[in-house]
Amino acid sequence: MKTFKLFSMAAVVLMMAACSSEDIMTQQEPAKQGGLVHFTATLAAPTDGVMRTAYTEVTSGTDAGTIKVAWEVGDEILVMNLIDSKKRGTVTVKTVNSDGSATVEGVSSDFGNNGDNVGLAYPSEMDFWKKNNLKQDGTLSYISDNMDVRVGFGTLKVDGEEVTLKSDVNMQSGIAIWKLTLQNNDATPAALSASQVSIKVGDEIEASTTTLTTATSTVYLALQPFDGKDITINAITADGYHTYSKTGVTLEAGKYYQSTVQLAQTHEINIADLCNDYTAQNGDILSGKLNKEVSISIADGATVTLDGVDINGNGGWNKGDYAGLTPLGDATIILKDGSENIVKGFKKYYPGIFAADGKKLTIQGTGKLEASSNGEGAGIGGGRSISCGDIEIQSGTITATGGAGGAGIGSGYAFGGGYTVSISICGDITITGGTIEATGGNGAAGIGSGYRGNSDGITSCSGITITDGVTSVTATKGDGAPNSIGAGADASCGTVTIGGTVYWDGSDYQNGGDTYLPTSPLVYPAVP
């Protein structure tokens, strides 16, 4: 097999100039160009893996406000024939010279013929962007290790087993780097420490940090260049969501931008913009569609409005390990007038909307809500062997569907039931208004306890109260369940009190045959 040597030259040091702006950003000066990279080759095979170039921010001297970029040993560069893309090879930086140039080596069965045009790409793995752009940690070192990209072009000079390039190649950066210093928009702005920061370009999120372990007011983000676009910068802090928008923004490849950004706190949150877990704060208004594996919690004591959310509407049993909405304590959910909302649990053990154990979930408002489990949790309440607190529904048009063994509203499937202590217990369920349809999964009540809730004499549903104020309640038991309202199969429930017009399927309200009469007549069958 023939082996080849590749000799090439490319840019190695990139100085990106920048200056601060008073508010959002000002286009910065072009990057300063340093020395050239000299590619030479040996017969050794390239190393495995991909390493990135090193970045160093200059903070003093004549080059202050720039970033130096230098090759590192192990950097891998793809050489691809532009006439026949199957002819390609990878060269690897073996040494970095004192002048910033790098010596590389690599072999390929065939780079191409004399005079063929080739492209040089760094890194050699070209699908890295989508894997890394929403996982940045806000540091320059992350960009150095994961986001740097460079492209150059040349012409082959082939002499037997010797391959060189006919002229020098300047490998240009393909990214822009944006350093953001975050402030609030008070009369006297102060630093704003964020646990997450993202940049939305047009309708798409182009760069985002993960949830940062330590909140910070300074982040570095790498972006692909764009021209004249509308951008939105979102930041999540300890006290909620902050945002900034600007039209007609341009970022150029190979440039370093520094901006001080004043963000205003907002309560209107499009959940489609969330890249990482979020805890909704008091007063937040949630809208939009979420199909990513992102957990949305509600802060203890917070009131949150749903205005047309679709959370995990496509479902999926093996997604995130959480409910569609997870209150961390007492919580009130308002269904905005005219809104239609879908909330479905993620992994199969979880409900659509959780009610925190020992706390109270209150649902009110005049909008619509469809809540369901993807597996063995309740539509609203608990999960598989996950206990829940009190639930009070004051108004709204609500359809709640339990998963296998889970009540529509109440407790989830108690794995093992009376044979283990791994049970699911729900607190009091109170319905004082609204139009409610609740359907239980196999062995579960429509409203009440899920399948298998008996264990050591523990009641798996504390009690149920439905008042005269409701428009209607339709409860449908799952296959094998004894009751539509009350206890599921092999389960128990406390006192059931009904005082409105309730549609049911003719079964007893609670296990054991006890029927609690309402103050107004029952209507039979389940759908009158």
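This is a walk through one protein structure, from its overall make-up down to a few single residues.

A word on the model comes before the tour. The structure is a predicted model, in which local features need a pLDDT of at least 70 and side-chain atom pairs count only at pLDDT 80 or more, while totals for chains, interfaces and linings use all residues. Residues are numbered from 1 along each chain as its sequence is written, and side-chain values use heavy atoms, with hydrogens and water left out.

Let us begin with the whole protein. It has two helices and 43 strands; here helices (H or I, at least four residues) and strands (E, at least two) are DSSP runs, numbered from the N terminus. The protein contains 528 residues, and 55% of them count as buried. Buried means under 20% relative accessible area, exposed means over 50%, and partly exposed is in between, using a 1.4 Å probe and protein chains only. Now look at contacts (heavy atoms within 4.5 Å). Among those between residues at least 6 apart in sequence, 68% join residues at least 24 apart.

Next come the sheets. Strands of a sheet pair through backbone hydrogen bonds, either parallel or antiparallel. In this text, two strands pair if DSSP finds at least two bridges between them.

Strand S15 (residues 196-201) runs antiparallel to strand S18 (residues 226-237), and six bridges join them. Here valine 197 has alanine 235 in S18 as its bridge partner. S18 is also joined by nine bridges to strand S19 (residues 240-251), again in an antiparallel arrangement, and phenylalanine 226 is partnered with leucine 251 in S19. S18 and S19 form a hairpin, with two residues between them. Strand S14 (residues 176-184) pairs with S17 in the antiparallel sense over six bridges, and there isoleucine 177 stands opposite alanine 222.

A second open sheet has three strands in the order S22-S24-S26, with parallel pairing. Strand S22 (278-280) and strand S26 (326-327) are its edge strands, each pairing on one side only. Strand S24 (residues 296-298) pairs with S26 in the parallel sense over two bridges, where isoleucine 298 stands opposite proline 327.

Another hairpin is formed by S11 and S12, with two residues between them; glycine 160 in the turn has a positive phi of about 65°. Four bridges join strand S11 (residues 150-159) to strand S12 (residues 162-165), and the two run antiparallel. Aspartate 159 has glutamate 162 in S12 as its bridge partner.

Some backbone details are worth a look too. Most residues other than glycine have a negative phi, and most peptide bonds are trans. Serine 385 has a positive phi near 55° and is found in the loop between strand S32 (380-381) and strand S33 (390-393). Serine 385 is partly exposed, with a relative accessible area of 22%. Aspartate 490 also has a positive phi near 55°; its place is in the loop between strand S41 (485-486) and strand S42 (496-498), and aspartate 490 is partly exposed at 35% relative accessible area. A cis peptide bond joins tyrosine 122 and proline 123, with omega about 5°. Proline 123 lies in the loop between strand S10 (117-122) and helix H1 (128-132).

How many disulfides are there? With a disulfide defined as a pair of cysteine sulfur atoms within 2.5 Å, the count comes to zero. Cysteine 461 is in no disulfide, and the nearest cysteine sulfur, that of cysteine 493, is 3.0 Å away. Cysteine 461 is buried, with a relative accessible area of 0%. Cysteine 275 is buried too, at 17%.
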